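I opened the structure to check strands, their partners and one surface patch. My notes follow in the order I looked.

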Amino acid sequence: MEATSDGDRPWQSYHTVYTNAKAGMEGVDKEKVQKIIYELSEGSKYFENEKRKEAIIKQKIDNLRTHHAKLTEKEITHFQRIADNRILELEASRDLSKIWLHIDMDAFYAAVATLENPSLKGKPLAVGSMSMICTASYEARKYGVRAAMPGFIACKLCPDLIFVPTNFEKYTYYSELTRNVFSKYDPDFIATSLDEAYLNITDTCSQRGIGCEEVAVELRNTIFQETGLTCSVGVAPNRMLAKVCSDINKPNGQFILPNDYNAVMTFISSLPIRKVGGIGKVSEQILRDVLGISTCADMLQKGAVLYALFHQCSTDFFLSVGLGLGGTDTPQQKMRKSISNERTFSATNDESILFQKLADIAETLSKDMQKECLLGRTLTLKLKTASFEVRTRATTLQKFVNSKEDILIYASKLLRAELPLSLRLMGLRMSHLDDDDKHSPLDPMQKTLTSFLTIGNVAPIADKSADFDASDIQLSVRDYVAVSYGNHAESLNECPKTRNKYESIEKISDVSSLFDHKGGVVASSSSSSRIIVEPYWVGGYICSQCGIEVPASFTEERRQHLDYHLADMLHKEECRSLLQSFPHKESGRKKQKYIPIDAFFVKGQKRF
């Protein structure tokens, strides 16, 4: 948040998500919006949080610049060969035989509110509250009002702004109506949210002998007839380009990109990188400030340096963007790994309100799980404090559950351990899922003798003096605390010290001390419960646990990836807990050396 050189226009360096261009905001006075946001935010907890994140990004940019400056001609030549070969490989994978359509409902929440109350038509409208806005009508966007903006800032930008409360029951109803229409054109359509979807219309065009433009017009008209709502459509050879195209002629319009190589390369050559899903504010700033990349075509020209500075996964993604490549095959159905629900509200420390919010979220999560016939065993509580710190708390249950009562019991326990606390967001996520109809009636925490003897490559043999009984083997349930500091770049040494007081949990002075030299999690053995640092996205795309890179647009994949790590940590802790729960009784005689159980089944092996 540094001031400009003349020092009288500090807001020019204050770039938040609120000032980025969005459909309907092309003619907005960006500097005026920046100034108002800066003046209203200065000194607030949000402002301080933004300053901290920007300082981290600046440090990362400086580090990359230093690395870039140290590259030798020999290194650049080496990486150029790698980039050229990779571009040829990616180009060979180009598929221009599919026709993908991306559909995006226009200001969906606001449009539904207007449909239910026609008197709101043509007026600047915001769905949400003074605390946070979910979406804004196009009339309000002309003033710079947009989604994820605090209501009090929106009121300053647009004094005549009308607020309408959210109504997810209505949104779900209209979403189902649109999806019924989608299924007529592509039974395997990919819904990415209540108001967005991808359709493969290749077969529809072929079977009906019509062009993609006719399909797009027909689809938009059908949706309007069925719902009274308008939508915008983009058609292109792949999903990445189709999404970009759907934003070009918003609202209530369409853009068709032909399935032609020259057309694709011409289109992508001048396309700003920020228009591409997966390249957000931070990535844009890094690519622009370090390498001078502003358009997708620049990606190909800077391929060598990209490979030198970034991991291969990220560079492959950047080069694919530069070539205009994206997904063309319908993804195979994968078993769901997690299901979640969260709510944002005005910051409060009133415990009765917080527990009521938690009950509402638990009820919604329960309904969603029961609707999909899912049961879960690992419950995660997400909290965002009034100072915008993000915390994640998790516990593994003794059995698979999906009822509101069961979810609320454990969620309340996790929340109670954090109070007193002022919160502005809460969420619940259930992972370790299992299908309801396939679920075994046996308690998943009840381990058999075989599983006990094979856990962790250790085979403890119980002696007679321990009164060992296989029927007594049951994993103990513990609560685990996961600490998260958001999706920003933060090295382990830079993590802030833990200041929270945990019930029956040993206090750790420095989060970085929880990691060993290999980057693994280290838990204190002196505590009855263990503290686990949940993996987070360093720089917004690198997993702090394993180093894999996943772009921000891959929302479900990122959630599943972190859930995997958290579940793996919890499972290892359970196994360690089980092994420690059977101490051998000390005896007066000399300790006998234990022999692995496998030795008893090796032919010709002496037993003792």
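I started at a strand pair. Lys382 has Thr392 in β11 as its bridge partner. The model is predicted, so I read every value as computed from it.

I then looked up the whole pairing. β10 and β11 (residues 390-401) run antiparallel, joined by 8 bridges. Their hairpin has 4 residues between the strands, and Phe388 there takes a positive phi near 70 degrees.

I checked β10 for another partner. Strand β12 (residues 423-431) is also antiparallel to β10, with 8 bridges. Leu379 stands opposite Met430 in β12.

Is β10 buried or exposed? I found 10 of the 12 residues of β10 (residues 374-385) buried, so the strand is largely enclosed by the rest of the structure. Buried here means under 20% relative accessible area.

Next I turned to another sheet. It is open, has 3 strands in the order β3-β2-β4, and its pairing is mixed. β3 (133-136) and β4 (162-164) are the edge strands, each pairing on one side only. Neighbouring strands are turned by 30 degrees against each other on average, direction ignored.

I followed β2 (residues 125-128) to β4: they run parallel, with 3 bridges. Ala126 has Phe163 in β4 as its bridge partner. Helix α4 (residues 108-116) packs on this sheet and touches β2, β3 and β4. Its direction makes about 105 degrees with that of β2.

Leu40, Met130 and Phe152 make a nonpolar patch of about 260 Å². Phe152 sits in helix α6 (residues 151-157). I noted Phe152 as partly exposed, because its relative accessibility is 41%.

Terms used: Residues numbered from 1 in each chain as written. Predicted model: local features only at pLDDT ≥ 70, side-chain atom pairs only at ≥ 80, totals over all residues. Heavy atoms only, no water. Pairing = 2+ DSSP bridges. Helix = DSSP H or I, 4+ residues; strand = E, 2+ residues; numbered from the N terminus. Axes fitted to C-alpha atoms, helices over the stretch in contact; angles between N-to-C directions. Contact = heavy atoms within 4.5 Å. Patch = residues over 30% accessible without salt bridge, like charges linked within 9 Å, V, L, I, M, F, W, Y side chains within 5 Å. Areas by Shrake-Rupley, 256 points an atom, 1.4 Å probe, with all protein chains shown as cover. Salt bridge = Lys/Arg side-chain N within 4 Å of Asp/Glu carboxyl O. Buried < 20%, exposed > 50% of the residue type's maximum accessible area, 1.4 Å probe, protein only.
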